[in-house]
Amino acid sequence: MPGSMDGARTGALDGRKAAARARVERHAEELIALSERLHADPETAWEEHRAAAAVPELLDRRASR
């Protein structure tokens, strides 16, 4: 039945969206701090070196916990 596969895919997608939303909410304080840090230190278009470094730094810190 084609309809049942679509429902399963939709359910799986909804589950992934909910998991992503929960994870973002758990880390909202850190993500907002990063956003504020980037906003306070703007860089010229195509020259976002500090911003490009800040994101993996945050991810590395999260992975090492």
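Contact means heavy atoms within 4.5 Å. The model is predicted: local features need pLDDT of at least 70, side-chain atom pairs need 80 or more, and totals for chains, interfaces and linings use all residues. Numbering starts from 1 along each chain as its sequence is written, and side-chain values use heavy atoms, without hydrogens or water.

**Exercise 1.** Sort the residues of the H2–H3 contact by class.

*Solution.* 
- Step 1: the nonpolar class (Ala, Val, Leu, Ile, Met, Phe, Trp, Tyr, Cys, Pro) takes seven residues.
- Step 2: the charged class (Asp, Glu, Lys, Arg) takes four.

**Exercise 2.** Determine how H2 and H3 are oriented towards each other.

*Solution.* 
- Step 1: locate the helices. H2 covers residues 28–40 and H3 covers residues 49–63. Helices are DSSP runs of H or I with at least four residues; strands are E runs of at least two.
- Step 2: take the axes, fitted to C-alpha atoms over the stretch in contact. The axes of H2 and H3 come within 11 Å.
- Step 3: read the angle. H2 and H3 cross at roughly 160°, on a scale from 0 to 180 degrees between N-to-C directions.
- Step 4: classify. H2 and H3 are therefore roughly antiparallel (over 145 degrees).

**Exercise 3.** Describe the chain as a whole, from its elements to its extent.

*Solution.* 
- Step 1: count elements. The chain holds three helices and zero strands. Its pattern along the sequence is α-α-α.
- Step 2: check the radius of gyration. The chain has 18 Å, whereas a compact globule of 65 residues would have a value near 11 Å. The rule, over C-alpha atoms, is 2.2 Å times the number of residues to the power 0.38.
- Step 3: box the C-alpha atoms. Along the principal axes they fill roughly 55 × 30 × 20 Å.
- Step 4: look at burial. Of the 65 residues, 9% count as buried (under 20% relative accessible area; exposed is over 50%, partly exposed lies in between; 1.4 Å probe, protein chains only).

**Exercise 4.** Is Leu31 buried, partly exposed or exposed, and which residues does Leu31 contact beyond its sequence neighbours?

*Solution.* 
- Step 1: Leu31 sits in H2. Its relative accessibility is 36%, so Leu31 counts as partly exposed.
- Step 2: leave aside neighbours within four places in sequence. Leu31 then contacts Val24 and Leu58.
- Step 3: follow Val24. It belongs to helix H1, residues 2–26. Val24 is partly exposed because its relative accessibility is 47%.
- Step 4: Leu31 and Ala18 are 13 residues apart along the chain, with C-alpha atoms 18 Å apart. Val24 and Ala12 are 12 residues and 18 Å apart, C-alpha to C-alpha.

**Exercise 5.** Examine Trp46 and Ala40.

*Solution.* 
- Step 1: Trp46 lies in the loop between H2 and H3. It is exposed, with a relative accessible area of 77%.
- Step 2: check the backbone. Trp46 has a positive phi of about 70° and is not a glycine. Most residues other than glycine have a negative phi.
- Step 3: turn to Ala40, found in H2. At 64% relative accessibility, Ala40 counts as exposed.
- Step 4: Ala40 lies 28 residues from Ala12 in sequence and 38 Å from it in space, C-alpha to C-alpha.

Key
Angles under 35 degrees count as roughly parallel, over 145 as roughly antiparallel, 65 to 115 as roughly perpendicular and the rest as oblique.
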